[in-house]
Amino acid sequence: LVQVLVLYFAKSAELAEVRSENITVPHQVTSLQLWEELVRKHPRLAAIRDQVVLAVHQEYVSLGDELLILHPGDEVAVIPPLSGG
């Protein structure tokens, strides 16, 4: 298990009611499993499930079975849909 820093932006910060937090996740996890872990902690995030994008190492990752290799202190950003487009 590794501890990563999750950063919430815009609507995701509103729903989670935090801007950032440290969470402990498996060293290898799919983007979907990571998202499901965040939803377990903050059930209201489920509302943006179909539009959200994660960024790991500042690279966008869509939710699915893409395997992420996480290291202690890595940053994961939760990026909701941008309004107005």
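Which residue's backbone oxygen lies 2.6 Å from a polar atom of the side chain of His27? I looked it up in the model, which is predicted. The backbone oxygen belongs to Leu70.

**Entry 1: His27.** I placed His27 in the loop between S2 and strand S3 (28-30). I then checked its accessibility. His27 comes out at 33% relative accessibility, so I filed the residue as partly exposed; the class lies between 20% and 50%. Next I listed its contacts, leaving aside neighbours within four places in sequence. His27 is in contact with Leu1, Val2, Leu68, Ile69, Leu70 and His71. The C-alpha atoms of His27 and Ile69 are 5.9 Å apart, with 42 residues of separation in sequence.

**Entry 2: His42.** I found His42 in the loop between H2 and S4. Its relative accessible area is 12%. Buried means under 20%, so His42 is buried.

Entry 3: I traced the strand order next. The sheet is open, has five strands and reads S2-S1-S7-S4-S5, with mixed pairing. Strand S2 (20-25) and strand S5 (59-61) are the edges; each has a single partner strand, so one side of each has no neighbour in the sheet. On average, neighbouring strands are turned by 30° against each other, direction ignored.

I went through the pairings one by one. S1 (residues 2-8) and S7 (residues 75-79) run parallel and are joined by four bridges. S4 and S7 run antiparallel, also with four bridges. S4 and S5 are antiparallel too, with three bridges.

Two residues lie between its strands, and His57 takes a positive phi near 55°.

**Entry 4: the helix over the sheet.** Which strands does helix H2 lie across? I found that H2 (residues 31-41) lies across S1, S2, strand S4 (53-56), S5 and S7. The helix runs at about 120° to S2.

Terms used:
Residues numbered from 1 in each chain as written. Predicted model: local features only at pLDDT ≥ 70, side-chain atom pairs only at ≥ 80, totals over all residues. Heavy atoms only, no water. Pairing = 2+ DSSP bridges. Axes fitted to C-alpha atoms, helices over the stretch in contact; angles between N-to-C directions. Contact = heavy atoms within 4.5 Å. Buried < 20%, exposed > 50% of the residue type's maximum accessible area, 1.4 Å probe, protein only. Polar contact = N/O pair within 3.5 Å; in protein donor to acceptor, adjacent residues only side chain to side chain.
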